[in-house]
Amino acid sequence: MAARSLSMVYVPALKPKWIFTPFSFCSSASKSRKLVLYSKPGCCLCDGLKEKLHAAFSLSVPDSLHDVELQVRDITSNPEWEKAYQYEIPVLAKVLSDGTEELLPRLSPRLGVELVHKKIAATFKQ
């Protein structure tokens, strides 16, 4: 059974809101930046990182992350992901222009939202 991935796209508004859409339908013509979060249900570290990413995407600061698309992948839905990441989650990857993924260094659960923002913004400047 093929796993179907969903992307979470942050849409700035008065109240932060997430839109869930199939990743494959995201426009390749857009210059948006994309991250993939490998996660699984019941993972408190994963949930904590999702919350911090949501907060970091909401910050109105220089190097805004409002256009970043976050795709959350449940590793239990794909045996390859589960084998690769079962002991490593949460795993965050940047989607490169050719569609490949570059794994990012692990973000400490103790990092504040501002530091998470700074580290994510820095990965897109490289």
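I looked up contacts first (heavy atoms within 4.5 Å). Of the contacts in the chain with a separation of 6 or more, 61% join residues 24 or more positions apart.

I noted what I was working with: the model is predicted, local features need pLDDT of at least 70, side-chain atom pairs count only at pLDDT 80 or more, and totals for chains, interfaces and linings use all residues. Residues are numbered from 1 along each chain as its sequence is written, and side-chain values use heavy atoms, with hydrogens and water left out.

Next I listed the elements, taken as DSSP runs numbered from the N terminus (helices: H or I, at least four residues; strands: E, at least two). The chain has three helices and six strands. From the N terminus the order reads β-β-β-α-β-α-β-β-α.

Then I checked burial (buried is under 20% relative accessible area, exposed over 50%, partly exposed in between, with a 1.4 Å probe and protein chains only). Of the 126 residues in the chain, 37% are buried.

I turned to helix H1, residues 44–58. Its 15 residues reach 21 Å from first C-alpha to last, close to the 21 Å expected at 1.5 Å a residue (1.5 Å times one less than the number of residues). Which residues of H1 are buried? I found Cys 46, Leu 49, Leu 53, Ala 56 and Phe 57. Seen down the axis of H1, they fall within an arc of 95° (directions from the helix axis to the C-beta atoms), so they line one face of the helix. On the other side of H1, Cys 44 and Glu 51 are exposed.

Last, I looked at Pro 90, in the loop between helix H2 (79–85) and strand S5 (91–95). The peptide bond from Ile 89 to Pro 90 is cis, with omega near 0°.
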